[in-house]
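Subject: Structure for you to look at

Hello,

Here is the structure I said I would pass on. Please open it first; my notes on what was found follow below.

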Amino acid sequence: KFINDDSVSQECENLISSLHSEKDSTGKTLYNYQGSWYYPNTVQAILNFQKHFRARDNDIILASFPKSGTTWLKALTFAVVHRNKYATNLVSHPLLSDNPHNLVRFLEADLYVNNQRPDLEELPSPRLFATHMPFQTLHDSLRDSPCKVVYVCRDIKDVLVSRWHFISKLVKKELNCNYPLEETFEKFIKGAYSFGPFQDQVLSYFKESLVNSNPVLFMRYEEMIEKPEAQVMRLADFLGCSFTEEEKQSGTVEKILELCSLGNLSNLEVNKMGTSTCGIAHQAFFRKGGVGDWKNHLTDDMARKLDEMVKKKLEGSGLKF
Ligand code: A3P
């Protein structure tokens with residue numbers, strides 16, 4: 001076995017040996033599968049997903065590039081979809097005692113990871129799942145189903161800074177050394193980093209949101225920050241569970257926003273202490289939030305290079321940042 005990892009099957013090894021590869025800064029190898037870069041363990045998880053997952057018509061898939069607002073989208077979608085079950089009893093709402101990543105689990109980064117083949121048939125409808133895969137990698141498993149996909153994207157510069165903070169914490173804890181911002185920047189420019197390139201993924205979902213073979217709602221973190229009520233109502237409309245006039249009048253939208261706010265979630269005991277099913281401390285998912293923190297970390301030259309790279313990729317698509 002050339003990959004020292006028992007969670008990777010022979011089939012996956014054979015595939016991987018045919019893929020384009022790159023070393024990351026720690027010497028681990030990333031492989032390019034269907035246009036995106038992954039570690040072997042994730043390639044295996046994706047193969048399992050592609051082989052075994054079959055979408056149900058009323059499934060909801062939340063998709064994002066890491067650090068684009070996934071945690072927030074998971075919390076909001078869970079709260080919106082299950083509001084009749086839990087809204088009247090905010091004291092025992094699952095979001096108060098569990099982390100959004102445990103309530104809406106990642107397909108490739110959690111459920112199918114470590115060569116697992118979870119039985120998802122028993123889960124009640126509507127099933128909520130999340131993914132960081134690009135649309136083309138999801139596509140075959142969704143093809144026979146009109147299930148809905150919600151994609152959230154965020155400015156690449158804030159995504160980069162958020163990712164750098166996130167990885168820095170992990171590196172500091174595990175290796176007790178610093179992780180330079182320049183390294184994250186270089187990776188973003190080169191494109192070979194886990195789940196990258198960012199701009200290719202964004203474009204894959206944006207294009208799909210226009211053609212509509214599967215309904216894709218394209219959301220933006222910045223718009224959610226600016227007009228949270230309008231964006232949550234848009235989300236509910238898309239999911240087929242619009243807020244009624246009575247709900248709007250009685251403040252249900254505001255209650256959901258407050259429940260899912262960064263301030264509320266990050267102060268809960270479960271999110272200060274716990275670890276998610278994908279093995280990451282809950283608190284790592286909450287930091288500052290908001291728009292424009294990149295200005296505190298990136299030089300003008302770095303910002304310009306990132307913007308130009310994204311602009312070039314999105315040219316002619318109708319999507320602008
Ligand atoms: P910052 O690092 O810029 O603060 P993801 O959930 O995709 O991993 O993204 C994490 C980013 O979303 C972090 O951004 C985090 O602080 C922010 N975030 C997490 N929960 C949030 C919430 N409830 N509302 C708004 N932003 C949130």
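This is a predicted model. Around the ligand there are 22 residues, and the closest are T70, T71, S162, R287 and G289. The largest share comes from α3, with four residues. Sorted by class, the shell around the ligand holds nine polar, eight nonpolar and five charged residues.

As for the chain as a whole, it has 18 helices and eight strands. A compact globule of 321 residues would have a radius of gyration near 20 Å, and the 19 Å of the chain agrees with that. Taken along the principal axes, the C-alpha atoms fill a box of roughly 60 × 45 × 45 Å. Of the 321 residues, 37% are buried. Among contacts with a separation of 6 or more, 75% are between residues 24 or more positions apart.

The axis of α9 comes within 9 Å of the axis of α18 (residues 300–314), and the two cross at roughly 120°. Angles of 65 to 115 degrees would count as roughly perpendicular and those over 145 as roughly antiparallel, so α9 is oblique to α18. On the α9 side the contact is made by I156, K157 and L160, and on the α18 side by A303, L306 and V310. Five of the residues in this contact are nonpolar, one is charged and none is polar.

Regards

Note on methods. Residues are numbered from 1 along each chain as its sequence is written. This is a predicted model: local features need pLDDT of at least 70, side-chain atom pairs count only at pLDDT 80 or more; totals for chains, interfaces and linings use all residues. A residue is near a molecule or strand if its C-beta atom, placed from the backbone, lies within 6 Å of it. Ala, Val, Leu, Ile, Met, Phe, Trp, Tyr, Cys and Pro count as nonpolar, Asp, Glu, Lys and Arg as charged, and the others, Gly among them, as polar. The radius of gyration is taken over C-alpha atoms; the globule rule is 2.2 Å times the number of residues to the power 0.38. A residue is buried if 20 or more other C-beta atoms lie within 10 Å of its own, exposed if 12 or fewer, and partly exposed in between; C-beta atoms are placed from the backbone. Two residues are in contact if their C-beta atoms, placed from the backbone, lie within 7 Å. Axes are lines fitted to C-alpha atoms, for helices over the stretch in contact, and angles run from 0 to 180 degrees between N-to-C directions. Angles under 35 degrees count as roughly parallel, over 145 as roughly antiparallel, 65 to 115 as roughly perpendicular and the rest as oblique.
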